[in-house]
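Please look over the sequence and the 3D model below before reading on. The report then goes through the fold one part at a time.

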Amino acid sequence: MKVKVCMGSNCTLLGAMNLLDQIEDLKKLTSRDDEYNDRELDIEVVKCLGYCKESKGNISPVVVIDDEVVYNATGQIVMEKILKQKSK
Ligand code: FES
């Protein structure tokens with residue numbers, strides 16, 4: 001599973017660094033768990049994905065989980081989506 005965390009300036013200002021820390025912690029935790037470790041969590045830090053420039057409203061921070069774009073990403077939302085995907 002590929003998780004892209006946008007670290008452009010808008011997303012960073014609105015908490016992307018904290019999100020990245022949480023996702024990295026989740027990766028460490030799930031890699032020890034047989035239930036989840038069949039799908040490796042591949043975390044990629046990316047520069048601005050461009051969504052903040054296309055949108056009129058605030059959509060940062062942005063995380064992309066496989067092909068799903070998560071706007072206004074919070075730790076809870078991202079964790080739930082990753083765990084749901086990993087348990088499939
Ligand atoms: S800074 Fe994240 S989408 Fe632009």
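## Basis of the report

This is a predicted model, in which local features need pLDDT of at least 70 and side-chain atom pairs count only at pLDDT 80 or more, while totals for chains, interfaces and linings use all residues. Residues are numbered from 1 along each chain as its sequence is written, and side-chain values use heavy atoms, with hydrogens and water left out.

## The sheet

Four strands make up an open sheet with mixed pairing, and their order is β2-β1-β3-β4. β2 (42-46) and β4 (68-70) are the edge strands; each has a single partner, so one side of each has no neighbour in the sheet. On average, neighbouring strands of this sheet are turned by 20° against each other, direction ignored. Strands (E, at least two residues) and helices (H or I, at least four residues) are DSSP runs, numbered from the N terminus. Two strands pair if DSSP finds at least two bridges between them.

Strand β1 (residues 2-6) has partners in both β2 and β3. β1 and β2 run parallel and are joined by five bridges. β1 and β3 (residues 63-65) run antiparallel and are joined by three bridges. Val 5 stands opposite Val 45 in β2 and opposite Val 63 in β3. Val 3 has Ile 65 of β3 opposite. In a regular strand, side chains alternate between the two faces of the sheet.

## The helix across the sheet

Which strands does helix α4 lie across? Helix α4 (residues 75-86) lies across β1, β3 and β4, and runs at about 10° to β3. For such angles, axes are lines fitted to C-alpha atoms, for helices over the stretch in contact, and angles run from 0 to 180 degrees between N-to-C directions.

## The nonpolar core

The largest nonpolar core holds 23 residues. A core of this kind is a set of buried Ala, Val, Leu, Ile, Met, Phe, Trp, Tyr and Cys residues joined through side-chain atoms within 4.5 Å. Buried means under 20% relative accessible area, exposed means over 50%, and partly exposed lies in between (1.4 Å probe, protein chains only). The residues with the most contacts inside this core are Val 3, Val 5, Ile 23, Val 63, Ile 65, Val 78 and Ile 82. The elements that give two or more residues to the core are β1, α2 (16-31), β3 and α4. Helix α2 gives the most, with five residues.

Ile 23 shows how the parts meet. Not counting residues up to four places away in sequence, Ile 23 touches Val 3, Val 5, Leu 41, Ile 43, Val 78, Met 79 and Ile 82. Contact here means heavy atoms within 4.5 Å.

## Salt bridges

Side chains of opposite charge can pair when their charged atoms come close. How many salt bridges are counted? The count is four, where a salt bridge is a side-chain nitrogen of Lys or Arg within 4 Å of a carboxyl oxygen of Asp or Glu.

Lys 2 forms a salt bridge with Asp 42, and their closest N and O atoms are 3.3 Å apart. Lys 2 is in strand β1 and Asp 42 in strand β2, so the pair ties together parts 40 residues apart in sequence. Lys 2, at 32% relative accessible area, is partly exposed, and so is Asp 42, at 35%. Lys 2, Asp 42 and Glu 44 are linked in a network of salt bridges. Glu 68 forms a salt bridge with Lys 81, with 2.8 Å between the closest N and O atoms. This pair links strand β4, where Glu 68 lies, to helix α4, where Lys 81 lies, 13 residues apart.

## Buried residues around Ser 60

Ser 60 is in the loop between α3 (51-54) and β3. Is Ser 60 buried or exposed? Its relative accessible area is 4%, so Ser 60 is buried. Leaving aside neighbours within four places in sequence, Ser 60 is in contact with Asn 10, Cys 11, Leu 14, Cys 52 and Asn 72.

Cys 11 counts as buried, at 3% relative accessibility, and Cys 52 is buried too, at 18%. The structure holds zero disulfides, a disulfide being a pair of cysteine sulfur atoms within 2.5 Å.
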